[in-house]
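I opened a notebook page for this chain.

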Amino acid sequence: MSHRFEELDANLSAEWHDFEVQWKKQFKKKPTVEAIIFLIGIQEGQLEQTDYAREEKKDVMHIGICSLLAQEGYYAVEKKDKDGWPHFKKIKEFEHLNLEEQELILQKNILKYFQEKWK
């Protein structure tokens with residue numbers, strides 16, 4: 001892990017723990033990054049259905065990930081399709097990140113997302 005990500009990890013651990021505690025108080029369940037990304041995808045896609053086919057779940061996760069990474073300037077919403085699903089365009093290239101670094105970036109942006117939503 002690069003020095004930049006070691007610093008991010010040290011700063012993020014306490015914030016992420018506090019987020020998990022707050023989430024668990026509200027929803028009675030410890031959050032997973034995947035579940036949160038899915039919920040963000042539903043929120044950002046303004047989706048109302050409650051049952052999703054496997055491919056649709058992947059699409060919802062894609063919306064969630066792109067929405068989170070848009071905060072870092074990697075994506076922007078290009079358009080919405082006839083069903084209201086957002087479509088994203090890549091704005092800048094990613095640096096090569098290992099899985100642990102990817103998880104840290106997602107956690108950082110999840111915290112940022114909810115800090116904005118919970119204001």
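**Entry 1: loop residues with positive phi**

I began with Lys28, which is exposed, with a relative accessible area of 67%. The model is predicted, and I read its values as such. Lys28 sits in the loop between H1 and H2. Its phi is near 65°, a positive value in a residue other than glycine. I made a note of that because most residues other than glycine have a negative phi.

I then looked up Gln46. It lies in the loop between H2 and helix H3 (54-70), and its place is just after H2. Phi of Gln46 is near 50°, again positive in a residue that is not glycine. Is Gln46 buried or exposed? Its relative accessibility is 61%, so I count Gln46 as exposed, the cut-off being over 50%.

**Entry 2: the chain as a whole**

Next I listed the secondary structure. The protein chain has four helices and two strands. Along the sequence I read the pattern α-α-α-β-β-α. The radius of gyration of the protein chain is 15 Å, close to the 14 Å from the globule rule for 119 residues, so the chain is as compact as a globular protein of that length.

I took the box next. Along the principal axes, the C-alpha atoms of the protein chain fill roughly 45 × 40 × 30 Å. The accessible surface comes to about 8100 Å², and 50% of it belongs to carbon and sulfur atoms. Buried residues make up 35% of the 119 residues.

I also checked the contacts along the chain. Among contacts in the protein chain with a separation of 6 or more, 54% are between residues 24 or more positions apart.

**Entry 3: the hairpin**

How many bridges join strand S1 to strand S2? I find five, between S1 (residues 75-80) and S2 (residues 86-90), and the two strands run antiparallel. I looked up two pairings. Ala76 stands opposite Lys89 in S2. Val77 has Phe88 of S2 as its bridge partner. The hairpin has five residues between the strands, and there Gly84 takes a positive phi near 90°.

I checked the length of H2. At 1.5 Å a residue, its 13 residues should span 18 Å, and its end C-alpha atoms are 18 Å apart, which agrees. The buried residues of H2 are Val33, Ile36, Ile37, Phe38, Ile40, Gly41, Ile42 and Gly45.

H3 came next. It has 17 residues and reaches 24 Å from first C-alpha to last, close to the 24 Å expected at 1.5 Å a residue. In H3, I find Val60, Ile63, Gly64, Cys66, Ser67, Leu68 and Leu69 buried. What do the buried residues of H3 pack against? They pack against H2, S1, S2 and H4.

**Entry 4: the cores**

I kept one general point in mind. In soluble globular proteins, nonpolar side chains tend to be buried together.

The largest nonpolar core here has 15 residues. Those with the most contacts inside it are Trp16, Phe19, Ile36, Ile40, Leu68, Ile110 and Phe114. Helix H1 (3-27), helix H2 (33-45) and helix H4 (99-117) each supply at least two residues of this core. Which helix gives the largest share? H4 does, with six residues.

I also noted a second, separate core of 14 residues. It includes Leu69, Tyr74, Tyr75 and Trp85.

I finished with Ile110, which is in helix H4. Its relative accessibility is 0%, so Ile110 counts as buried. Leaving aside neighbours within four places in sequence, I list its contacts as Trp16, Phe19, Val33, Ile36, Ile37, Ile40 and Leu68. Ile110 and Gly64 are 46 residues apart in sequence, and their C-alpha atoms are 9.7 Å apart in space.

Last, I took Phe114, another of the residues with the most contacts inside the largest core. With neighbours within four places in sequence again left out, Phe114 is in contact with Phe19, Trp23, Ile36 and Ile40. Phe19, Ile36 and Ile40 are also in the contact list of Ile110.

Definitions and conventions. Residues are numbered from 1 along each chain as its sequence is written. This is a predicted model: local features need pLDDT of at least 70, side-chain atom pairs count only at pLDDT 80 or more; totals for chains, interfaces and linings use all residues. Side-chain values use heavy atoms; hydrogens and water are left out. A nonpolar core is a set of buried Ala, Val, Leu, Ile, Met, Phe, Trp, Tyr and Cys residues joined through side-chain atoms within 4.5 Å. Buried means under 20% relative accessible area, exposed over 50%, partly exposed in between (1.4 Å probe, protein chains only). Contact means heavy atoms within 4.5 Å. The expected span of a helix is 1.5 Å times one less than its number of residues. The radius of gyration is taken over C-alpha atoms; the globule rule is 2.2 Å times the number of residues to the power 0.38. Accessible areas come from the Shrake-Rupley method with a 1.4 Å probe; for residues, only the protein chains shown count as cover. Two strands pair if DSSP finds at least two bridges between them.
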